[in-house]
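This briefing is meant for a reader who is meeting the structure for the first time. Please look over the sequence and the model before reading on.

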Amino acid sequence: MDRPGRRRGRVLSVNSRRGAPPLGTPSDGFLVIGEALVDIFDGAAGPEEAFGGGPTNTALALGRLDRRVRLATALGDDERGNALRDWLTASGVEVETTPIARTATARATLAADGSATYDFDLAWEAALDGVRPAAVVHTGSIAAALEPGATAVEGYLRAARATSIVSVDPNIRASVSGESSRARIERILALADVIKLSEEDLAWLAPGMSPRLAASRWLSEGAGLVVFTRGARGSLAFASGGSVACDAVRADVVDTVAAGDTFSAALLDGLVAEGLSGVGGRDALRAVDVDTLSRLLERASRAAAITVGRRGADPPTRRELTEAMQRSCGSAPRAPSASRGAPGP
């Protein structure tokens, strides 16, 4: 939806990239930090372009859910960058940009099942010294792995914990997240209150480790909530008070672009709705019960199901998600299964 009067965005200096402590008190809503890019697909009539980037898709989805959200990213002063900024602004996202030579691109290849792989052409810069934190700060993907920006992101998150709930979706891109970035990604995960990751992410981060054992490890390091998405097999959530498994929502899959990012956004939207945001929500998050976990997973699953039924990064509006939730009686996902108590090995 178009929101007249919202700022088109502001440009940040690239002179300082060390992630100095955030200035001032946090704003309401969300701050998302990460890459924005243009996906290039091979269409029937030749190359086609669409906007994307994991954190960018999450910011877009939060805007579509009528949340106040800012995206701190890097864009070129070019046609693609300007169009990408306009696309975000139309959904209510305030864009704060670090200028770079050209807007990043990713050559996307779609498999028969709708999944996508990417070959990236990008530089990740992050001038965050003047970026105000928010009640929830979210990041991940290339932003947590690629230098020089990853150093700034880590430093910013470390300082933001004093005022904000920190959320991380590692969204591992193997072509970018090499072994040299593993230690940094682990440090960033150790700063998170909320960790959402896929089975593929877990296989890269901890080969052979079960979701339950991995969740137990991250919870012991300070996380309040760890969520795993498993595609058609649904999702799992782990917290100190128990764990929940939720079936996937049945959907006619067009492609899976932005499905995980939409899941993240709806999960964070649900946390705010449940009063589990801001530094004051940290203790409440660590004490969250299985009924709340069930509501969070079902909401996120239904949002992702809407996205996979449409082409590209096209997450639902709040109205669409509300209507989908109202239609959910008697349809998948079935009642989530839950167990109480901290996850064991």
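The model is predicted. The protein holds 10 helices and 15 strands, and 56% of its 345 residues count as buried. Its largest pocket has a volume of about 1400 Å³, and its largest nonpolar core has 55 residues.

**Overall build**

- The accessible surface of the protein comes to about 13800 Å².
- Carbon and sulfur atoms account for 51% of that accessible surface.
- Taking contacts between residues at least 6 apart in sequence, 75% join residues at least 24 apart.

**The largest pocket**

- The lining of the largest pocket is made up of 47 residues.
- Nearest the centre of this pocket lie Ser-198, Glu-200, Thr-256, Ala-259 and Gly-260.
- Sorted by class, the lining has 20 nonpolar, 16 polar and 11 charged residues.
- Several elements each supply at least two residues of the lining, among them the strands β3 (37–43), β8 (116–121) and β11 (194–198).
- The helices α1 (54–64), α5 (199–205), α7 (259–273) and α9 (290–308) also each supply at least two lining residues.

**Nonpolar cores**

- Within the largest nonpolar core, the residues with the most contacts are Leu-88, Leu-225 and Leu-271.
- Helix α9 gives the most to this core, with seven residues.
- Another core, of 42 residues, lies apart from the largest one; its members include Val-131, Trp-204, Ala-223 and Phe-228.

**Helix α2 and Leu-88**

- Helix α2 covers residues 79–89, and Gly-81, Leu-84, Arg-85, Trp-87, Leu-88 and Thr-89 in it are buried.
- These buried residues of α2 pack against the helix α1 and the strands β3, β4 (46–52), β5 (69–76) and β6 (93–100).
- Leaving out residues up to four places away in sequence, Leu-88 touches Thr-56, Leu-60, Leu-71, Val-93 and Val-95.

**Asp-39 in strand β3**

- Asp-39 has its place in strand β3, one of the elements that supply at least two residues of the pocket lining.
- Asp-39 counts as buried because its relative accessible area is 5%, under the 20% cut-off.
- Asp-39 and Phe-51 are 12 residues apart along the chain, and their C-alpha atoms are separated by 5.8 Å.
- Neighbours within four places in sequence aside, Asp-39 is in contact with Glu-48, Glu-49, Ala-50, Phe-51, Gly-52, Ala-106 and Tyr-118.

**Ala-215 in helix α6**

- Ala-215 sits in helix α6, which runs over residues 211–220.
- Ala-215 is buried, with a relative accessible area of 0%.
- Beyond its neighbours within four places in sequence, Ala-215 is in contact with Val-226, Phe-228 and Phe-238; Phe-228 is also among the members of the core of 42 residues.

**Backbone features in loops**

- Asp-66 is not a glycine, although it has a positive phi of about 65 degrees.
- Asp-66 lies in the loop between α1 and β5.
- Asp-66 counts as partly exposed because its relative accessible area of 40% falls between the cut-offs of 20% and 50%.
- Ser-141, also a residue other than glycine, has a positive phi near 60 degrees.
- The loop between β9 (134–140) and α3 (149–160) holds Ser-141.
- Ser-141 counts as buried, at 3% relative accessibility.

**Ser-164**

- Ser-164 belongs to the loop between α3 and β10 (165–169).
- Ser-164 counts as buried, at 0% relative accessibility.
- Ser-164 and Ser-27 are 137 residues apart in sequence, while their C-alpha atoms are 9.6 Å apart in space.

How values were computed
Residues are numbered from 1 along each chain as its sequence is written. This is a predicted model: local features need pLDDT of at least 70, side-chain atom pairs count only at pLDDT 80 or more; totals for chains, interfaces and linings use all residues. Side-chain values use heavy atoms; hydrogens and water are left out. On a 1 Å grid over the protein atoms alone, a cavity is a set of points where a 1.4 Å probe fits but cannot get out, and a pocket is an open set with protein on both sides within 12 Å along at least five of seven lines; lining residues have an atom within 4 Å of a point. Grid points are joined across faces, edges and corners, and a volume is the space filled by probe spheres set on the points. Helices (H or I, at least four residues) and strands (E, at least two) are DSSP runs, numbered from the N terminus. Ala, Val, Leu, Ile, Met, Phe, Trp, Tyr, Cys and Pro count as nonpolar, Asp, Glu, Lys and Arg as charged, and the others, Gly among them, as polar. Buried means under 20% relative accessible area, exposed over 50%, partly exposed in between (1.4 Å probe, protein chains only). Contact means heavy atoms within 4.5 Å. Accessible areas come from the Shrake-Rupley method with a 1.4 Å probe; for residues, only the protein chains shown count as cover. A nonpolar core is a set of buried Ala, Val, Leu, Ile, Met, Phe, Trp, Tyr and Cys residues joined through side-chain atoms within 4.5 Å.
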